[in-house]
Amino acid sequence: MTEEQKYLPNEILLKSTISGKEHGWKREDFNEVVNHAFKSGLAVVGGQVQFKLPDGTCELHWRKYDTNGRMAGEGWTSYCSRTKQECLEQFNALPTNQELINEGIENFEFLREKSAQGVNPEDFLIFILYFNAPEKGS
C-alpha cells in the first residue's frame with residue numbers, strides 16, 4: 001500500500017491516474033490534493049510532469065516541483081507546512097498546459113505521433129506527486 005493509499009481519502013485517490021507505482025493528478029485537482037495531504041499529515045516531496053497514455057509515458061523530468069528535505073530539528077507539522085508551500089509555489093510557476101503540451105510534442109516523437117493521429121495530449125497530462133509519511137515519534 002502506498003503512502004497515498006494510506007493517508008489520502010478515496011475521493012482524492014479516485015481522481016488520480018496511476019503511472020507505474022506513482023499517482024498523478026490533473027492540474028485542476030493539484031491544490032486540493034496537496035491540501036488534503038497536509039491535512040492528513042503528509043509532507044510533500046515533490047513530483048514532475050508526465051503524459052501518461054495507455055501505451056506509453058513521456059516525462060518532462062525537467063518540469064518539477066521538488067521540495068527541500070526535512071531540516072535538522074524541524075518539527076513534523078512545520079515540515080509538512082513548508083513543503084506544501086514550496087511545492088505549490090513551484091507548481092504555480094509551471095508553464096500553462098498548452099506550453100507543456102508544446103514542450104512534450106517538441107521533445108518526444110511518441111507524443112508528436114500521437115498528436116498527429118488526433119490524440120489530445122491534454123487528456124493525458126498529469127502531475128505526479130510524492131509524499132513522506134510521519135515516522136513514529138516524529
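Visitor: Let's start with Asn-97: buried or exposed?
Guide: This model is predicted, so to speak for local features pLDDT must be at least 70, side-chain atom pairs count only at pLDDT 80 or more, and totals for chains, interfaces and linings use all residues. Residues are numbered from 1 along each chain as its sequence is written, and side-chain values use heavy atoms, leaving out hydrogens and water. Asn-97 has a relative accessible area of 16%. The cut-offs are under 20% for buried, over 50% for exposed and partly exposed in between (1.4 Å probe, protein chains only), so Asn-97 is buried.

Visitor: Which helix holds Asn-97?
Guide: Helices here are DSSP runs of H or I with at least four residues, strands are runs of E with at least two, and both are numbered from the N terminus. Asn-97 lies in the run covering residues 97-107, which is helix α5.

Visitor: Leaving aside neighbours within four places in sequence, what is Asn-97 in contact with?
Guide: A contact needs heavy atoms within 4.5 Å. With those neighbours set aside, the partners of Asn-97 are Arg-27, Glu-122, Leu-125 and Phe-127.

Visitor: What is the angle between α3 and α4?
Guide: Axes are lines fitted to C-alpha atoms, for helices over the stretch in contact, and angles run from 0 to 180 degrees between N-to-C directions. Helix α3 (residues 27-39) and helix α4 (residues 76-92) have axes 10 Å apart, and their angle is about 170°.

Visitor: So how is α3 oriented to α4, roughly parallel or roughly antiparallel?
Guide: Under 35 degrees counts as roughly parallel, over 145 as roughly antiparallel, 65 to 115 as roughly perpendicular, and the rest as oblique. The angle is about 170°, so α3 and α4 are roughly antiparallel.

Visitor: In β6, which residue is the bridge partner of Trp-25?
Guide: Strands pair if DSSP finds at least two bridges between them. Strand β2 (residues 22-25) runs antiparallel to β6, with three bridges joining them. For Trp-25, the partner in β6 is Phe-127.

Visitor: And which residue in β6 is the bridge partner of Gln-50?
Guide: Strand β4 (residues 48-53) is also antiparallel to β6, over three bridges. Gln-50 has as its partner Ile-126.

Visitor: How many of the eight residues in β6 are buried?
Guide: Strand β6 spans residues 125-132 and is mostly covered. Of its eight residues, the buried ones number six.
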